[in-house]
Amino acid sequence: MTAGGDRVTAGPGPTGSIYDIGYRGYDGPRLGRRHAFVTLFVQALRATFGVGRSGRAKVLPAFCLALPALTALVIVAFSAFGSRFGISDLRVLPGHPDMAGAVGVFATLLVAVQAPELLGRDVRYRVLSLYFSRALLRIDYALAKLAALSAAVLIILLVPHVILTVGAVLLTPDVLGGLGREARWWPAILGSTILTAIATAGVALVIAAFISRRAYATVAIFGVFIVPAIIVGVILALQLGEASRYVVLLDPGTVLDAANAWFFGVAPGPGAWSIADLPLSLGLAASIVIAVGASAILVQRYRTIAA
Amino acid sequence: MLEPSPENPAPLIHVEALTKRFPGVVALDALSLDIAPGIVGLVGANGAGKSTLLKILLGLLAPTSGLVQVMGYVPWTQGTLLRRYVGYMPEHPALPPDISATEFVANAGQLSGLPAKAARERTADVLRHVGLAEERYRPIGGYSTGMRQRVQLAQAIVHDPRLLLLDEPTNGLDPAGRDEMLGLIRRTGTEFGIAIVLASHLLGEIEAVCDHLVAIDGGRLLRAAPMAEFTAETGILTVEVEEGRDLLAAGLVARGLRLLDGSSAHDRTVRIALDGGAPFDIVRDTVADLGLPLIRMERGRHSLEDLFRDDLSAAPAAGERP
C-alpha cells in the first residue's frame with residue numbers, strides 16, 4: 001500500500017508537502033479485542049526480554065535466562081562424566097524437584113526489575129488513556145501484562161527442566177525408556193512452574209501497579225519476596241507456640257516451595273516450611289490463593305486507575 | 001460525506017438527556033444534542049464538561065443517566081466495537097519517551113484492530129501526513145512539543161477512523177505550531193473525510209477550523225448551530241467618512257433610513273439598520289450629493305466572541321436547542 005512512499009528522499013519543509021501522496025483510507029479488516037490482547041501480550045513479552053530494545057535492556061533478562069540454563073547444563077555434564085569425578089551414584093545429583101529452589105531467585109530478579117518496567121511507564125507518562133481509547137478493555141490491558149510476565153517467568157523456569165530432560169534422554173542407551181521416565185516428571189514440572197510463574201508475576205505486578213516509580217517498585221518487590229522470609233524465620237525460632245507456625249503462610253517464597261514439593265511428591269527443603277511442619281497441601285492452597293488473589297487485585301486496580 | 005459505520009446509517013452522534021455526576025459535581029446536566037458529520041467545535045470554559053463528554057462518547061466513562069449513541073453503538077457497552085472506528089487525542093501529553101514514533105503509532109494501530117502489516121503501512125503514511133520525516137525512527141523523548149502533538153494526532157488517525165475526537169489539540173504549542181496543527185486538523189476533516197469533534201476553550205481555533213459549533217457551559221447546552229450562523233452578516237451597514245459625519249447622518253435620515261444608537265459623534269461612522277433592505281444606492285447618492293470623502297461602507301459580521309458572550313449572559317433562556 002505504501003509503494004512509492006519511501007522512494008521519495010528527504011527534503012526540506014516542515015509541512016512535508018513533498019511527501020504528500022494523498023491520504024488513503026483503509027478498507028481492510030478491523031479486528032477486535034482478541035487481536036488487541038495478543039498485540040499487548042506479544043509487546044509486553046518482547047519488552048520483558050528486551051527484544052527490540054537497547055543492548056542494555058537485554059542484559060538482565062539474558063542473565064536470568066542463562067544462569068538457570070547453565071546450572072542445568074552443569075548437572076547434565078556431571079551425569080555424563082560423573083564417573084571421572086568420582087561420582088558413582090548419579091542420584092546424588094540435583095534433579096527436576098530441585099530446580100525450583102535453584103532458579104527461583106532468577107524469576108524473582110526478573111519480575112522485580114521488569115514488572116515496574118511493564119506498568120510504571122504507561123502510568124507515569126499517562127499513556128494509559130491512549131491504550132484505553134482503543135479496541136480493548138481495561139481488564140484486557142491488565143491481563144495481557146500478567147499473561148506476558150507469567151509467560152516470561154515460565155520460560156525461565158522451564159528452560160533448565162528442558163535441558164535436564166534432553167540431557168537425560170540423550171545419555172540413556174535406551175532412548176524410549178529414558179523418554180518414558182522423563183515424561184513422568186512433566187505433569188509435576190508444568191504444574192509447579194505454571195503456578196509459580198503466575199504467583200510470582202502477579203505479586204510483582206500488583207506492587208508495580210500501586211508504585212509507579214520504578215526504583216521504589218523494584219525495591220518493594222524484592223522486599224515482599226525477601227523480608228517475610230526473615231521475619232518468619234525469627235518468629236519460628238522464637239517458638240511462640242502451636243499457632244505461630246502458621247506465619248509461614250505469609251512468606252510467598254516458602255509457600256511456593258511447599259507447593260513445588262507437593263507437585264513433585266518430595267519433602268520440602270530444609271527451611272521454614274519443614275520447621276513449621278504443616279501439610280504440603282496447605283502450601284499448595286496458599287500458593288493458589290496468592291496467584292488468584294494477585295490477579296484479581298491487579299484487574300481491580302486497572303478497572304479504576306485514572307487514565 | 002462519510003458513512004457513519006458499515007453497520008449503521010444512524011446519525012453520527014446522538015445524545016439525549018445525558019447526565020454525568022461525579023461525587024459532588026454535576027459534569028453534564030441533561031445534555032441533548034445531535035452531531036452530524038463535519039468538523040464540529042465543542043466550546044466551553046474550562047470545566048464546562050467538554051472532556052467528560054468526549055470520554056463518554058468514547059465509552060471510557062459511564063453516563064449516570066441518559067442515552068448516548070455514536071455511529072449507532074452505545075459507547076459504554078459496545079466500546080471495543082465502536083473504538084475500532086474512533087480516534088482520540090487526549091488533552092495532555094500521553095506518549096512514552098523511550099520508543100520511536102513509528103513503533104508507537106504502529107502499535108496503536110494494531111490495538112485499534114489493524115492487522116500488523118496494515119498497521120505498519122498506515123503508520124508510514126500517517127506520519128508522513130502529519131509531517132514527521134526522519135525523526136520518526138528516534139525515541140519520542142527527544143521530540144519538541146510540536147512533534148509530539150503530531151505523533152498524538154498520528155496515533156489517533158492511524159486506523160482511518162470515521163470519527164476523530166480531539167481534546168484541546170493545540171495545548172502547549174507556540175503560535176506557529178498552533179497554526180500548523182489547526183491546518184492539519186482542517187485537512188484531516190476535509191481531505192481525509194474524517195468527522196471531527198474538536199473540544200477547545202479557544203474560540204479563535206474553533207472559528208478557524210470548524211463548520212459547526214456546539215457550545216456548552218456548566219454541563220448544559222448553550223447552543224448548537226452551523227458556524228455560519230454564528231458569524232453571519234448582521235443587519236447593520238457601517239459607513240465611514242473622513243469628515244461631515246453629522247451631515248451624512250441627517251441626509252440619510254431625510255431619505256428615510258433608520259440609524260442605530262452607537263453612531264456616536266466622536267467617531268466618523270454612521271450605523272444604518274438594514275431592515276431587510278439594501279440601501280447601498282441611497283448611501284452612495286447621499287454621499288455624492290453632499291460631496292463627502294467616503295472611506296468605507298461595510299456590512300457588519302458577528303464575531304464568535306460576540307455571540308458567545310451574548311449567549312453566556314443569556315444562558316438560562318438559551319438552554320434549548322435552536
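This is a predicted model: local features need pLDDT of at least 70, side-chain atom pairs count only at pLDDT 80 or more; totals for chains, interfaces and linings use all residues.
## The interface as a whole

The contact between the chains takes in 50 residues from chain B and 39 residues from chain A. The size of an interface is often given as the accessible area lost when the parts come together. For chain B and chain A the buried area is about 4000 Å², of which 53% lies on carbon and sulfur atoms. Within the area that chain B buries against chain A, B:Thr80, B:Leu111 and B:Arg128 supply 18%, more than any other three residues.

In chain B, helices H1 (50-58), H3 (101-111), H4 (116-129) and H5 (145-157) each supply at least two residues of the side that touches chain A. The largest share of that side, eight residues, comes from H4(B). Taken by class, the side of chain B that touches chain A has 24 nonpolar, eleven polar and 15 charged residues.

## Salt bridges

Side chains of opposite charge can pair when their charged atoms come close. Over all chains the model has 24 salt bridges, and the count between chain B and chain A is two. A salt bridge joins the side chains of A:Arg24 and B:Asp125, with an N to O distance of 3.1 Å.

Within chain B, B:Arg178 forms a salt bridge with B:Glu205, and the closest N and O atoms of this pair are 2.8 Å apart. This pair links distant parts of the chain, since B:Arg178 lies in helix H6 (residues 175-190) and B:Glu205 in helix H7 (residues 203-209), 27 residues apart.

## The fold of chain A

Chain A has ten helices and zero strands, and its pattern, read along the sequence, is α-α-α-α-α-α-α-α-α-α. Taken along the principal axes, the C-alpha atoms of chain A fill a box of roughly 75 × 55 × 35 Å.

## Confidence in the model

For the complex, the predictor gives an ipTM of 0.83 and a pTM of 0.83. Chain A averages a pLDDT of 88, with 91% of its residues scoring at least 70. Over residues 1-19 of chain A, however, the pLDDT stays under 50, and the model has 24 contacts beyond four places in sequence for this stretch.

Chain B has a mean pLDDT of 86, and 89% of its residues reach 70 or more. Over residues 1-6 of chain B the pLDDT is below 50, and this stretch has 13 contacts in the model beyond near neighbours in sequence. Residues 312-322 of chain B also have a pLDDT that stays under 50, and for these residues the model has 13 contacts beyond four places in sequence.

Notes. Residues are numbered from 1 along each chain as its sequence is written. Chains are lettered from A and ligands numbered from 1 in the order in which they are written. Side-chain values use heavy atoms; hydrogens and water are left out. pLDDT is the predictor's confidence in each residue, from 0 to 100. Contact means heavy atoms within 4.5 Å. Buried area is the accessible area (1.4 Å probe) that two parts lose on being put together, summed over both. A salt bridge is a side-chain nitrogen of Lys or Arg within 4 Å of a carboxyl oxygen of Asp or Glu. Helices (H or I, at least four residues) and strands (E, at least two) are DSSP runs, numbered from the N terminus. Ala, Val, Leu, Ile, Met, Phe, Trp, Tyr, Cys and Pro count as nonpolar, Asp, Glu, Lys and Arg as charged, and the others, Gly among them, as polar.
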